[in-house]
Amino acid sequence: MLYRTPFMRPRFQEFVQFQQALRAFAEPTVWAGEPVRPAAPTVQLRRHPDHLELTLLAAGLAPSSIEVTLDQGVLTIVGEREATAPPREGDITVHLQERFTGRVTHRQRLPDDIDPQGITARYADGALHIRLQRRAPEAPRRIAVN
Amino acid sequence: MNQATTSCCPQPAATAQNASTAALPVHTVRMPVDVQEDAHGVTLLADMPGVKREDLRLQVEGDALRIEGDVSAFDASADGTTTRYSRAFTLGKQLDATQVAAELSQGVLRVRIPKAASAQARRINVTVN
């Protein structure tokens, strides 16, 4: 038996349609799960008999902005991230902004036997590789006492 | 589920990488992303430093997009683990998951997902006689 329920009047259907349209409008286009908080760049230091290898992971640095300095046994790495945002034309909705922008700094105390002239750095795939040459150990010297 | 699986990356290289690092435990990290939407689609930027192009895997299955990449910049044998970036996304119905384009530059992955033709606002020219 068919009968009209008081709730399914045409007006109510319109309201449901409106609600559905509103939900589709407010629905995000990409779900990415729990947000990720920015973290300090990851570093790995490997010790070899004649050199040290330091690898710092920092994506999207402008190669010209990377500065590596050695001062009083402390290695300082500074880099700046290029703005990689797409060109702002028309309406752009930002759904997520977790990536870090700005300056990256890392300081590392080095052993005494690093040769300041023997440091080379290379930036590839968002990883900065620094090779630090160690000086050959000096043979112990006997000092004559008068 | 009868959904099309598309992949934009060379699969043999990816599986070879898996085979070589299979012995080491994997440390999985969820990478930070930026997601921006414009009139024609969505641009997703993900930070994946230390990942080479051949170690990057993008997989679209139905409305799910998974981005994975193994860090090769670190010497895995030194730490005893392989670091892997991995994050899954669910794409809205208005996006065309079959047209995903990706590019990796200095550890920043840029993924472009256009909107389905039906979801894009169309301007209809009216001619008046």
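Helices (H or I, at least four residues) and strands (E, at least two) are DSSP runs, numbered from the N terminus. The loop between strand 8 and strand 9 of chain B, which holds B:Gln106, is named on that basis. The model described here is predicted.

## Chain B overall

Chain B contains two helices and nine strands. Along the sequence, these elements follow the pattern β-α-β-β-β-β-β-α-β-β-β.

Chain B has 129 residues, of which 43% count as buried. Among its contacts with a separation of 6 or more, 55% are between residues 24 or more positions apart.

An open sheet is formed by five strands in the order 6(A)-3(B)-4(B)-9(B)-8(B), with antiparallel pairing. Its edges are strand 6 (93-97) of chain A and strand 8 (101-105) of chain B, each of which pairs on one side only. From one strand to the next, the twist averages 15 degrees.

The link between the chains in this sheet is the pairing of strand 6 of chain A with strand 3 (residues 33-37) of chain B; the two run antiparallel and are joined by four bridges. In this pairing, A:Gln97 stands opposite B:Asp34, a residue of strand 3 of chain B.

## Two glutamines with positive phi

A:Gln72 is not a glycine, yet has a positive phi of about 55 degrees. This residue lies in the loop between strand 4 (67-71) and strand 5 (74-80) of chain A. A:Gln72 has a relative accessible area of 71% and is therefore exposed, the cut-off being over 50%.

B:Gln106 also is not a glycine and has a positive phi, of about 45 degrees. Its place is the loop between strand 8 and strand 9 of chain B. The relative accessibility of B:Gln106 is 25%, so it counts as partly exposed; buried would require under 20%.

## A nonpolar surface patch on chain B

Which residues form a nonpolar patch on the surface? They are B:Ile124, B:Val126 and B:Val128, and together they have about 370 Å² of accessible area.

B:Val128 is located in the segment after strand 9 (108-114) of chain B. With a relative accessible area of 74%, B:Val128 is exposed.

Definitions and conventions: Residues are numbered from 1 along each chain as its sequence is written. Chains are lettered from A and ligands numbered from 1 in the order in which they are written. This is a predicted model: local features need pLDDT of at least 70, side-chain atom pairs count only at pLDDT 80 or more; totals for chains, interfaces and linings use all residues. Side-chain values use heavy atoms; hydrogens and water are left out. Patches are made of residues with over 30% relative accessible area and no salt bridge: like charges are joined within 9 Å, nonpolar side chains (Val, Leu, Ile, Met, Phe, Trp, Tyr) within 5 Å. Accessible areas come from the Shrake-Rupley method with a 1.4 Å probe; for residues, only the protein chains shown count as cover. A salt bridge is a side-chain nitrogen of Lys or Arg within 4 Å of a carboxyl oxygen of Asp or Glu. Buried means under 20% relative accessible area, exposed over 50%, partly exposed in between (1.4 Å probe, protein chains only). Two strands pair if DSSP finds at least two bridges between them. Axes are lines fitted to C-alpha atoms, for helices over the stretch in contact, and angles run from 0 to 180 degrees between N-to-C directions. Contact means heavy atoms within 4.5 Å.
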